[in-house]
Amino acid sequence: MLKFLAKAGLFAAALTAVPAAALAQLGADAAACRAGHPSILVNVQGFSQRTGNVRVALYGNPSTFLDRGATMRKINLPVTPSGPMRICVAVPHPGRYAIAVRHDVDGDNARGDWGDGGGFSRNPRISLLRLRPSFDAVAVNVGQSVLGVNVVLNYRY
């Protein structure tokens with residue numbers, strides 16, 4: 001019985017360590033998601049390379065969607081070595097918001113690098129002719145708690 005309890009204790013210790021490591025990916029707004037406040041938990045997947053940085057940007061105004069300087073919130077993190085990245089973005093209040101994600105593959109923060117990837121909430125179809133979807137195509141409704149959103153990155157080839 002003592003062996004079982006000792007193993008159970010090690011197992012419980014391992015379980016408590018796993019969420020801490022997973023939550024480290026959540027970025028500066030992690031507390032909002034952990035507390036269940038109005039926020040968006042963005043699950044970013046489809047990385048072409050595990051280098052550089054990922055930026056998640058929050059927009060709330062349809063008329064300034066994707067305009068330079070129009071983000072409500074930006075979360076920048078280094079890309080993790082493997083798996084999807086879960087990034088929390090706090091919102092000021094329940095409402096309609098859009099998420100844009102950029103994977104800066106080489107981490108130089110230069111705009112328009114051909115190797116960089118990107119994606120949006122609701123994963124709209126994009127093409128070389130139409131890289132900028134409308135706000136309505138990507139907007140999600142955030143209520144009183146955390147909303148999970150999957151974003152699959154796209155790259156120009």
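## A tour from surface patch to ring cluster

Select Trp114, Leu128 and Leu131: together they make a nonpolar surface patch of about 360 Å². Keep in mind that this is a predicted model.

**Stop 1: Trp114.** Trp114 sits in the loop between strand 5 (95–104) and strand 6 (117–120). Is Trp114 buried or exposed? Its relative accessibility is 58%, and the cut-off for exposed is over 50%, so Trp114 counts as exposed.

**Stop 2: Ser39.** Now go to strand 1, residues 39–45, and select Ser39. Here the relative accessibility is 0%, so Ser39 counts as buried. What does Ser39 touch, leaving out residues up to four places away in sequence? Display Ala32 and Cys33, then Cys88, Val89, Ala90 and Val91, and finally Val142, Ser145, Val146 and Leu147. Each of these residues is in contact with Ser39. A polar atom of the Ser39 side chain lies 2.9 Å from the backbone oxygen of His37.

**Stop 3: the aromatic rings.** How many aromatic pairs does a search of the whole structure find? The search finds 3. Begin with Tyr59 and Phe65, an edge-to-face pair. Their centres are 5.1 Å apart, with 85° between the planes. Check the accessibility of each partner. Tyr59 counts as buried because its relative accessibility is 7%. Phe65 counts as buried too, at 8%.

Why does the pair tie together parts that are apart in sequence? Phe65 lies in the loop between strand 2 (53–59) and strand 3 (73–78), while Phe135 lies in helix 3 (residues 135–138), so the linked parts are 70 residues apart in sequence. Phe135 has a relative accessible area of 5%, so Phe135 is buried.

**Last stop: the whole cluster.** Select Tyr59, Phe65, Phe120 and Phe135 together. Ring pairs link these four residues, Tyr59, Phe65, Phe120 and Phe135, into a cluster.

Terms used
Residues are numbered from 1 along each chain as its sequence is written. This is a predicted model: local features need pLDDT of at least 70, side-chain atom pairs count only at pLDDT 80 or more; totals for chains, interfaces and linings use all residues. Side-chain values use heavy atoms; hydrogens and water are left out. Patches are made of residues with over 30% relative accessible area and no salt bridge: like charges are joined within 9 Å, nonpolar side chains (Val, Leu, Ile, Met, Phe, Trp, Tyr) within 5 Å. Accessible areas come from the Shrake-Rupley method with a 1.4 Å probe; for residues, only the protein chains shown count as cover. A salt bridge is a side-chain nitrogen of Lys or Arg within 4 Å of a carboxyl oxygen of Asp or Glu. Helices (H or I, at least four residues) and strands (E, at least two) are DSSP runs, numbered from the N terminus. Buried means under 20% relative accessible area, exposed over 50%, partly exposed in between (1.4 Å probe, protein chains only). A polar contact is a pair of N or O atoms within 3.5 Å; within protein, one must be able to donate a hydrogen and the other to accept it, and residues adjacent in sequence count only if both atoms are side-chain atoms. Contact means heavy atoms within 4.5 Å. Rings of Phe, Tyr and Trp (its six-membered ring) pair if their centres lie within 6.5 Å; planes under 30 degrees apart count as stacked, over 60 as edge-to-face and the rest as tilted.
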